[in-house]
Amino acid sequence: MSAVARPLDESAANPRTPAIESRLPDVGTTIFTVMSALAQQHGAVNLGQGFPDTDGPDSVIEAAVAALRGGENQYAPLPGVPALREAVLAHQRDYYGLEPEDLLVTFGATEAIAAALLALCEAGDEVVVLEPYYDSYAACIAFAGAQRRTVTLRPPEFALDPDALRAAVTPRTRVLLLNSPHNPTGLVLSRGELGAVAEVCIEHDLICLSDEVYEHLVYEGVHIPPATLPGMAERTLTVSSLGKSFSFTGWKIGWCSGPAELVAAVRTIKQFLTFAGGTPLQHAAAVALRLPGTYLESLRDSLRAKRDQLCAGLAAAFWLPALGTP
Ligand SMILES: Cc1ncc(COP(=O)(O)O)c(C=O)c1O
């Protein structure tokens with residue numbers, strides 16, 4: 001029997017509430033909620049939660065307003081509105097040369113990951129994840145009744161150790177949940193590291209669930225989607241979203257794409273989680289994805305400059321020669 005759940009907010013415990021069984025005995029309030037509340041309380045700069053201080057482009061906001069005024073206010077088709085589906089497919093083709101068989105629009109990458117884990121894992125299956133990881137991963141693996149096996153990325157390079165990856169895989173492993181560019185370390189998996197990932201996935205017949213929400217925020221090097229490696233397109237479900245690339249994190253427009261069979265499995269679960277919505281924002285997301293590439297370049301340049309300024313400031317404050325000054 002699983003343990004009794006801890007209430008998310010201990011103060012909300014009610015002695016008359018019946019004890020409930022939970023798949024999440026070790027999971028409380030998400031760290032992002034905790035850190036954002038602390039930052040607000042102390043008037044601190046909030047680096048804990050990944051949202052920008054400024055909104056995305058006006059033209060995209062205007063597109064959302066036009067969709068709201070234009071009667072796009074009812075349920076979306078389950079697979080997503082056609083304009084956004086076409087824009088995502090064009091994006092995958094133009095940036096990476098990928099031609100996924102199918103795709104599904106979701107409520108952010110978070111829903112895509114949750115639905116994928118619920119769809120692809122049987123109870124007792126194992127999911128290998130790079131640690132540290134975005135905290136929804138552990139919760140969703142637990143929702144699916146699966147077991148989490150971790151491969152730790154260690155400082156200072158946080159590189160992926162192929163031997164550790166191989167050691168984490170067992171006959172019960174079903175999914176390799178990858179995240180590159182990686183939150184929170186900033187690791188961008190190299191072609192060599194991805195080659196090792198592909199080898200392991202193919203040898204053990206794993207599904208690669210690839211969270212690429214930071215695909216356009218790469219300050220050095222390039223983002224290589226795992227699906228572009230030989231033998232990987234047919235076993236990779238690629239997940240991304242509008243939030244980080246276009247500074248609309250609150251819109252929660254995401255998608256996953258890949259082999260028809262995998263996308264169909266995710267769609268089956270998704271229809272009973274939330275069905276389909278955010279219709280006007282899906283229309284606006286299509287406009288965002290069709291913006292000229294210079295938009296993404298200038299966002300990346302401006303974030304890189306902020307990163308450099310922050311690193312220089314931290315180095316100066318803590319006298320860390322490795323970071324530059326003093
Ligand atoms: C690695 C990673 N994946 C997914 C998400 C969430 O994406 P979305 O807002 O599209 O659900 C985040 C948000 O911080 C993240 O860091």
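A residue is termed buried when its relative accessible area is under 20%, exposed when over 50% and partly exposed in between, with a 1.4 Å probe and protein chains only. By this criterion, Phe248 and Trp251 are both buried, as are Phe246 and Tyr295. The structure is a predicted model, in which local features need pLDDT of at least 70 and side-chain atom pairs count only at pLDDT 80 or more, while totals for chains, interfaces and linings use all residues. Residues are numbered from 1 along each chain as its sequence is written, and side-chain values use heavy atoms, with hydrogens and water left out.

Polar contacts are pairs of N or O atoms within 3.5 Å. A ligand nitrogen lies 2.6 Å from a polar side-chain atom of Asp211. Ligand oxygen atoms are found 2.7 Å from a side-chain N or O atom of Lys252 and 2.8 Å from a polar backbone atom of Ala109.

Six aromatic pairs are present; rings of Phe, Tyr and Trp (its six-membered ring) pair if their centres lie within 6.5 Å, and are stacked with planes under 30 degrees apart, edge-to-face over 60 and tilted otherwise. Phe246 and Tyr295 are stacked, at 5.6 Å centre to centre and 5 degrees between the planes. Phe248 and Trp251 also form a stacked pair, with centres 4.1 Å apart and planes at 20 degrees. One aromatic cluster is formed by Tyr133, Tyr134 and Tyr137.

Notes: Polar contact = N/O pair within 3.5 Å; in protein donor to acceptor, adjacent residues only side chain to side chain.
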